[in-house]
Amino acid sequence: MTDEQNHRPVNTKLQAEIESKLNQHKVPKIDKKPRTRLEKMTLVMSWFMVILMAGSVIYAAVSALGWL
C-alpha cells in the first residue's frame with residue numbers, strides 16, 4: 001500500500017457492508033469424501049487394463065520384429 005492509502009479515513013459502516021456482500025459470494029469449502037469400495041475396485045481394474053493393454057502392444061511389436 002502507498003502512504004496515500006494508509007491515511008484515508010475508513011467508514012466502518014460502509015466497510016462492513018462491503019465485506020458482507022463479498023462474503024455472500026464466497027464458495028463454501030467442500031470436504032473430500034472418501035472413495036467407496038466400488039470406486040476403489042474400479043480404479044484398480046482400470047489401471048490393470050491400461051497396463052495389460054500397454055504390455056500387449058509392446059509384446060505385439062516385439063513379435064512383429066521377430067525377436068521372440
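**Confidence, fold and surface of the predicted chain**

In the protein chain, confidence is highest in helix α3, at a mean pLDDT of 96, and lowest in helix α1 (residues 3-6), where the mean is 57. The model is predicted, and its average pLDDT over the protein chain is 84. A score of at least 70 is reached by 84% of the residues.

The secondary structure of the protein chain consists of three helices and zero strands. Along the sequence, these elements follow the pattern α-α-α. Helix α3 covers residues 37-65. The 29 residues of α3 reach 42 Å from the first C-alpha to the last, close to the 42 Å expected at 1.5 Å a residue. Just after α3, G66 adopts a positive phi of about 80°.

A nonpolar surface patch of about 850 Å² is made by L43, M45, W47, F48, M49, V50, L52 and M53. Among these residues, M53 is located in helix α3. The relative accessibility of M53 is 52%, and M53 therefore counts as exposed, the cut-off for this class being over 50%.

Terms used. Residues are numbered from 1 along each chain as its sequence is written. This is a predicted model: local features need pLDDT of at least 70, side-chain atom pairs count only at pLDDT 80 or more; totals for chains, interfaces and linings use all residues. Side-chain values use heavy atoms; hydrogens and water are left out. Helices (H or I, at least four residues) and strands (E, at least two) are DSSP runs, numbered from the N terminus. Patches are made of residues with over 30% relative accessible area and no salt bridge: like charges are joined within 9 Å, nonpolar side chains (Val, Leu, Ile, Met, Phe, Trp, Tyr) within 5 Å. Accessible areas come from the Shrake-Rupley method with a 1.4 Å probe; for residues, only the protein chains shown count as cover. A salt bridge is a side-chain nitrogen of Lys or Arg within 4 Å of a carboxyl oxygen of Asp or Glu. Buried means under 20% relative accessible area, exposed over 50%, partly exposed in between (1.4 Å probe, protein chains only). pLDDT is the predictor's confidence in each residue, from 0 to 100. The expected span of a helix is 1.5 Å times one less than its number of residues.
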